Amino acid sequence: MVMDQPDRFATELSALWGLAQTGDEAAYAKALHLIASRLRGYFTRRLSSLSGETEDLVQETLIAVHTKRGTYDPALPVENWVFAIASYKLVDFWRRHGRREALHQPLDLTDEDLLIAETNEDAFAEQDVNVLLNTLPTQQRRAIELTRIQGLSMAEASNQTGISVSALKVHVHRGLKRLASLVRLSK
Amino acid sequence: MKTSALIADLASGAGPVKRLFIGRDLGIVVFAGVILCSAISLGIRGPVPGAMWVGAALWTKLTYATALAAGSAWLLRTLAFPGKRAVPAYGVVVLIAVCMAAVGLLSVLNVPFGKRLPYLLGNTALICPWAIPVLSLPALIGLLRLTKRFAPTDLRWAGFACGLLAGSIAAAGYALSCQEAAIGFVAIWYSLGIVLSAGLGAVAGPGLLRW
């Protein structure tokens, strides 16, 4: 009974994926949901102690799946393609994570003054949206300003900037994620 | 951002997929690499004497380089896309290397025992294995940049394949100005040069191919 789970995933996904390739957006969204729920299990099992990062990795992988859709070869099973990308993102995560942890440790151990200074009221007052936005790379800031503050649609923003819609989506996503982590960091 | 919101964002206006193929661009980079390597090699040392075009050595070098280039291009094509089985392509590359080693060994056995070392060292054994990786650099940079546009998932080996292909291209260009006539020389020093290029690619891969 347990064994037929992967097979059902594969058949459902390949049917949806076929439709998605031809431009069926509803099928594409369903396929991405299917992939996301499958990846959650995949990453949770492999991250164990860091399972808080699962959702981030799922989203990173979905973005990769989306931006690299053109590299899928219909002669192959979709799940092979998806899991190859997922395992790449996992290895990449471990590499980044190891490095970031190494950088964080001395700060946590020694600089308690720094942490206290960051929590006073003035620090919060400075957290105006624009100040935060200015810390982002130009492309991410611009993408967020246009689509989330000025309220343009993705297509309009794409016209205005000359950046493709799918690249804009990625910029917005990465930018919002970065903002969230900035806010978390300064609290 | 919630995952469901991200999915809605990604799917809206996604449109039909435009499949990416590597063949044409790979052909362009390889062609440009061959022209550039040949030009540099001929420009610095001049062409081999006309008599070499009727001997076996030059053709062995060119055949070896071309076969390895074809094998490693296939390997690179496989490794640039997620989820493709690369084992057959690795097999072809190993087979070509084994064939060259066998031919090289036979040629050495035909040389009288006392003359084998000078036969294998020729006059340029210390130049050839360094010249090939240096000559391969432009093609290597071009190939790494090309590969990054696709979706390599094993960066170390994808970099290796870039280096192997760039090294093979460089070896072909180098052969046009190399006067060594011994097959055994080719088997050892050309191979070493190409392996060094491949190593260069493998070292650069994880850093330069990230996407």
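**Chatting through chains A and B**

Colleague: Hi! Which secondary structure does chain B have?

Modeller: Hello! In this predicted model, chain B has 8 helices and 0 strands. Reading along the sequence gives the pattern α-α-α-α-α-α-α-α.

Colleague: And what does chain B span along its principal axes?

Modeller: The C-alpha trace of chain B spans about 75 × 35 × 25 Å along those axes.

Colleague: How many of its residues count as buried?

Modeller: In chain B, 51% of the 211 residues count as buried. The chain still exposes about 10,000 Å², and carbon and sulfur atoms supply 74% of that.

Colleague: What about contacts in chain B between residues at least 6 apart in sequence?

Modeller: Of those contacts, 84% join residues at least 24 apart in sequence.

Colleague: I was looking at Trp130(B). Where is it found?

Modeller: Trp130(B) belongs to helix H6 of chain B, which covers residues 128-148.

Colleague: Is Trp130(B) buried or exposed, and why?

Modeller: Trp130(B) counts as exposed because its relative accessibility is 55%, and the cut-off for exposed is over 50%.

Colleague: What separates the C-alpha atoms of Trp130(B) and Gly91(B)?

Modeller: Those two C-alpha atoms lie 26 Å from each other, and the residues are 39 apart along the chain.

Colleague: Let's switch to chain A. How many helices and strands are there?

Modeller: Chain A contains 10 helices and 0 strands. Its pattern along the sequence is α-α-α-α-α-α-α-α-α-α.

Colleague: What share of chain A is buried?

Modeller: Buried residues are 38% of the 187 in chain A. The accessible surface of the chain comes to about 10,600 Å², with 55% belonging to carbon and sulfur atoms.

Colleague: And the contacts in chain A with a separation of 6 or more? What part is between residues 24 or more positions apart?

Modeller: For chain A, that part is 58%.

Colleague: What about domains? Which ones does the lining draw at least three residues from?

Modeller: The lining of the second largest pocket takes at least three residues from each of domain 1 (1-110) and domain 2 (112-187) of chain A.

Colleague: Last one: how do the lining residues divide into nonpolar, polar and charged?

Modeller: In the lining of the second largest pocket, 8 are nonpolar, 6 are polar and 8 are charged.

Definitions and conventions. Residues are numbered from 1 along each chain as its sequence is written. Chains are lettered from A and ligands numbered from 1 in the order in which they are written. This is a predicted model: local features need pLDDT of at least 70, side-chain atom pairs count only at pLDDT 80 or more; totals for chains, interfaces and linings use all residues. Side-chain values use heavy atoms; hydrogens and water are left out. Helices (H or I, at least four residues) and strands (E, at least two) are DSSP runs, numbered from the N terminus. Buried means under 20% relative accessible area, exposed over 50%, partly exposed in between (1.4 Å probe, protein chains only). Contact means heavy atoms within 4.5 Å. Accessible areas come from the Shrake-Rupley method with a 1.4 Å probe; for residues, only the protein chains shown count as cover. Ala, Val, Leu, Ile, Met, Phe, Trp, Tyr, Cys and Pro count as nonpolar, Asp, Glu, Lys and Arg as charged, and the others, Gly among them, as polar. Domain bounds come from an automatic or database domain assignment.
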